[in-house]
Amino acid sequence: SPLPDYLTEVAEACSATKGGEPASYIPELAKVDPDRFGIALATIDGEVYAVGDAEHEFTIQSISKAFVYGLAVRDHGLEQVLAKIDVEPSGEPFDELSLDASGRPRNPMINAGAITAHTLVGEPDTAPHERVERIIRLLSDLAGRELSVDEDVWRSEVATADRNLAIAHMLRSHGILTDSAEEVVSAYSRQCAVLVTARDLALMAATLANSGVQPVTGKQVFTGAQVRHVMSVMLTCGMYDSAGDWVSSVGIPAKSGVGGGIIGALAGQAGLATFAPPLDAHGNSVRGVETFGRLSRDTGMHLMKVE
Ligand code: GLN
């Protein structure tokens, strides 16, 4: 297959892209080697092509939001989840303290919506640590291997979580959360500190692309309808306040995380993932954005196939 050669070529070309800084508001994340760079592509048949640092572990961070939203929908149905979290792009940074006119977080990809989605996992009486276990189970099912938490990154995020605590208190003051803000933010931070590789992420995205069936293990993780909801919010909100730019230039549902990862899912075809820690002002990986842009231009994977 010419694919590995092509991906190597793309990686070489995109490694010329400099700029950005690894996230430092979570101090532990600033310790990463900024030159790490990996690309992985998983087809819906379970074929995986990986180049560069695609086997290097890093924390999933906000990429988890897409999947946990899917889990909330799986546990409660879309209608109940929509009553708590809207699906409108916010045009705001991921950590904005904001609610819409109806008192809901604007979407599940910004922290306010993601923290809410996190608390919807399981039943109302599910304990915070059980929610985390359910979430790690889900992410492991999507990756097709057992994932674990980076305890240092988790501790580091909890120790510096003032902004997420402020968001949780805002949610509590509107009756959206009932658990203690500290407990919820600690549990949400564990969700964000799950270790993955670009290869794992490509398979997780390929599970979305494959209508919710993990391509290697064959496990049905989501239904087709659930995947449609997840991919829709990824398309409109996955890249935060650069979501519009992303749809124009790349044109596929995606999700980024401040650990340096980005995933993209091409329905019926493949999952893609990049890992490159330096971030732009939106919190999206600079090289990742460049790589997806190039892949989109070269392969015509943009959803708007107009010649
Ligand atoms: N854990 C991070 C936070 O809540 C995730 C943010 C991100 O990846 N954009 O701040």
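Start at Glu88, which touches Asp100, Arg106 and Asn107, leaving aside residues up to four places away in sequence; touching here is a contact, meaning that the C-beta atoms of two residues, placed from the backbone, lie within 7 Å. Before going further, note that this is a predicted model: local features need pLDDT of at least 70, side-chain atom pairs count only at pLDDT 80 or more, and totals for chains, interfaces and linings use all residues. Residue numbers run from 1 along each chain as its sequence is written.

Glu88 sits in the loop between helix H3 (78-82) and helix H4 (111-120). Helices (H or I, at least four residues) and strands (E, at least two) are DSSP runs, numbered from the N terminus. The C-alpha atoms of Glu88 and Pro105 are separated by 9.2 Å, with the two residues 17 apart along the chain.

Look for 5 strands in the order S2-S1-S7-S6-S5, forming an open sheet with antiparallel pairing. The edges belong to strand S2 (48-52) and strand S5 (254-256), each of which pairs on one side only. From one strand to the next, the twist averages 10 degrees. Two strands count as paired if DSSP finds at least two bridges between them. As background, strands of a sheet pair through backbone hydrogen bonds, either parallel or antiparallel.

Zoom in on S7 (residues 270-275), which runs antiparallel to strand S1 (residues 38-43) and is joined to S1 by 6 bridges. Gly38 stands opposite Phe275, and Ala42 has Gly271 as its bridge partner. S6 and S7 also pair in the antiparallel sense, again over 6 bridges, and here Ala265 is the residue opposite Gly271. The hairpin of S6 and S7 has 3 residues between the strands, and in it Gly268 takes a positive phi near 75 degrees.

How enclosed is S7? It is largely enclosed by the rest of the structure, because 6 of its 6 residues are buried. In a regular strand the side chains alternate between the two faces of the sheet. In S7, Ala270, Leu272 and Thr274 are on one side and Gly271, Ala273 and Phe275 on the other, and all are buried, so both faces are covered.Step back to the whole chain. The domain assignment gives domain 1 (3-61 + 194-299) and domain 2 (64-191), with bounds that come from an automatic or database domain assignment. Taken over C-alpha atoms, the centres of domain 1 and domain 2 are separated by 20 Å. Their contact takes 34 residues from domain 1 and 35 residues from domain 2. On the side of domain 1 that touches domain 2, strand S4 (195-196), H9 and helix H10 (224-237) are the elements that give two or more residues. H10 provides the largest share of that side, 7 residues.

Which residues surround the ligand? They are Gln61, Ser62, Phe94, Asp95, Asn111, Glu157, Asn164, Cys192, Gly257, Val258 and Gly283; a residue is near the ligand if its C-beta atom, placed from the backbone, lies within 6 Å of it. By class, this shell has 3 nonpolar, 6 polar and 2 charged residues. In that count, Ala, Val, Leu, Ile, Met, Phe, Trp, Tyr, Cys and Pro are nonpolar, Asp, Glu, Lys and Arg are charged, and the others, Gly among them, are polar.

Finish with two backbone angles. Most residues other than glycine have a negative phi. Gln61 is not a glycine, yet has a positive phi of about 50 degrees. Gln61 lies in the loop between strand S3 (58-59) and helix H2 (63-76), and is buried, with 27 other C-beta atoms within 10 Å. Ser211 has a positive phi too, near 60 degrees. Ser211 is in the loop between H9 and H10 and counts as partly exposed, with 17 C-beta neighbours inside 10 Å.

Conventions
Axes fitted to C-alpha atoms, helices over the stretch in contact; angles between N-to-C directions. Buried ≥ 20, exposed ≤ 12 C-beta atoms within 10 Å, placed from the backbone.
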